[in-house]
Every structure is written in C-alpha cells, then in structure tokens.
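Hi there,

Here is the structure I promised to pass on.

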Amino acid sequence: MNRRILTLLVALVPILAFGVLVSLVVVPFVSLGPGPTFNTLGEVDGQEVVDIEGTDVYPTAGHLNMTTVSQRDGLTLGQALVLWLSGREQLVPRELVYPPDKTREEINEANTTDFRRSERSAEYAALLYLDYPMAVTVENVNDPGPSAGKLHDGDAIDGVNGKPVANLEQFQALIKQTKPGDTVTLDYRRKDAPPGAATITMGKHPEGEQGYLGIGVLDAPWAPFSIDFNLANIGGPSAGLIFSLAVVDKLTPGELNDGQFVAGTGTITGDGHVGAIGGITHKMLAARDAGATVFLVPADNCEEAKSVPQDGLELLKVDTLTTAVDALESLSADGERPHC
C-alpha cells in the first residue's frame, strides 16, 4: 500500500468515527419547540373542539387558538445539533422534562390529569363569568363505590334526606351524621335530563367513622346543559384560558374576537384567575406560524414574552378571564389594550 493511500485511510478514521458518534449516540437532552395549535371555535376530526349541547349556541368567527409545545426525546447527537442550529428549538436536560424518579407512563398520566382538570376549571370559570348560580356539584364518582351508577359527574345535589343544601358546608354537615350501612336519599339535577332522587347505601369511610358516598363534590356554578372538550393527546393545564373564552364566545351574541385570528395560553382556576405557563416563546412562534395576529399572554409571562418578540404578533396581557374578555372586546371597539 503506497503512502498516499495510507495517509488517506488514516485521515478517514476520525471522520468515520465522528459520523458514527453523530448518528448513533443518544444525548441526555430533550428538544422543545413550537407545537400544533387548535382553533377552539372549530372542529377536530369532525367534532366541535368545544361542544355545547342543550342550550342555544351563537355563531362564532375567526380563531381562538390554543397553543402547545412540542417535545422530542431520544435525540442522537446529530439530531440535537440540527435542531439547535435551526434557532427554533431549545435543548434542555432530559431530567427537567422526565424526572428520573418517575416513569414515562406516570408523567403522561399526570399531564392528562392536569388537562382534564383544566377543562373542568375552564367550564366553571366561564359559567361563573356568565353569572350561572352556584350548586353543590359532583366532580367525580368512584367506580366501584356506593354512588356508582346512581350519580353522574356534573350532577347538582339539592338535598339530603329531604333537607335542602345550598353549599358544600351544609352538604358535608349532613353527610357527617351518617354511618356505614345507612341509606340516604339525594335530590339532584342532571344536565340534559329531568331532576331525580338517588337512594344510596353508605359505605365504610377510609378515614373516619362516618358513612362514605364515594364521590368528590365542590361548590361550582351549574348550568342545565353539557359542555364537552374534544381534544385528545394533549397534556398539561395551559389550555384553560382559551377553553373558557371559547365557551363564553359560544354562549353570548356577537364575535368575541371581532372575527380575528387570536391565539393564546394560560392556566385558569374555577374562579377565573389566569396563571403562568411554560414555553411561552415556543407557543408565540407556533401562533405566528399558524397566522395569529393577537396573542393572549398571562401577566406573569409578559417579561419573557417581550424578550423574544414575533413580528406581526400583538401581545395582550391578561390576569383573569374578565380582563381577557375585555381585551378581546377592545379589538372591535379599537379601544386601549393591555399590552405586555
């Protein structure tokens, strides 16, 4: 073998080694970037994203898009470098996204639970804003459990053994007087159905001597119609604000967003307070790419949002459902807007 070929082969070894390293070695980082957006006033897979049945629903226009952050795991060194160089993706240590003391299934389950809770909070916040009356509301029914098949999620409980209850405190005071094996009759209202009464044999309480119904209840605004949110494979609580706004838009005349393309993000509590979220800059980029011109930003995320402005995307600061509605109404009134 002549010297020239030998030199070439020696030079190729580190190149080949680097190629193998780049293509096969998995790095301990996760890439975060702009994810898909969904118009909560529209449809996904033939279903209304926010589906309201049992009452009049007003026409809507334009967009109220919830935004998401994409995650890519199991990256090779080469993939990580390409994503980082794109300028659209952020690499973070994997343990920040997937803590080592939790399995992937546990993390996904927690994210799904957070999303379902955000749906309920979004419904309660919207109904409270629209002045629907409070009621002792069944949030969940344990199955198996004494109330399984007799009460449903969303039932409003009006009485216990003929005694009216107006709030959770009154309800709990009567239930604490029961013992396992007692029977109680609960008067209830059910969405999209006539009122009824359920007779339930109390079970053994896991933490005390009183009887056990096997339900979770809370004081919440109640309406006689159903609100369903039809988005699958979405995790976390950050869609709450936009879900609430979509409910308000559909239950009130006129176009809340003035027919414009609005996107946003933010958690929401049942009493309408908007909370901070993660990945605000990725969500802003996703919104701009989708065509949004207005973006609703939780007040506590404003400084971060302003640090990476997106051309053509107006940032409106919101801290409650009321301020978010007011901000959207200013679009048509051409009034002063609460900018970040």
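I'll start with one side chain: that of T68 reaches the backbone oxygen of P36 at 2.6 Å. Please keep in mind that this is a predicted model.

Is T68 buried or exposed? Its relative accessibility is 11%, and because buried means under 20%, T68 counts as buried. Setting aside the neighbours within four places in sequence, the residues in contact with T68 are G33, P34, G35, P36, F38, I234 and K283. So that you can find T68 in the fold, look for strand β5, which covers residues 63–72.

Now for the sheet. Strand β5 belongs to an open sheet of six strands, with mixed pairing and the order β6-β1-β5-β16-β19-β20. Which strands stand at the edges? They are β6 (90–93) and β20 (314–318); each has a single partner strand, so one side of each is left without a neighbour in the sheet. From one strand to the next, the twist averages 35°.

At the β20 edge, the partner is β19 (residues 294–298): the two strands run parallel and are joined by five bridges. If you want a pair to look for on screen, F295 has L315 in β20 as its bridge partner.

Helix α6, residues 240–251, lies across β5, β16 (261–264), β19 and β20. Relative to β5, the strand that holds T68, helix α6 runs at about 160°.

Best wishes

Conventions:
Residues are numbered from 1 along each chain as its sequence is written. This is a predicted model: local features need pLDDT of at least 70, side-chain atom pairs count only at pLDDT 80 or more; totals for chains, interfaces and linings use all residues. Side-chain values use heavy atoms; hydrogens and water are left out. Helices (H or I, at least four residues) and strands (E, at least two) are DSSP runs, numbered from the N terminus. Buried means under 20% relative accessible area, exposed over 50%, partly exposed in between (1.4 Å probe, protein chains only). A polar contact is a pair of N or O atoms within 3.5 Å; within protein, one must be able to donate a hydrogen and the other to accept it, and residues adjacent in sequence count only if both atoms are side-chain atoms. Contact means heavy atoms within 4.5 Å. Two strands pair if DSSP finds at least two bridges between them. Axes are lines fitted to C-alpha atoms, for helices over the stretch in contact, and angles run from 0 to 180 degrees between N-to-C directions.
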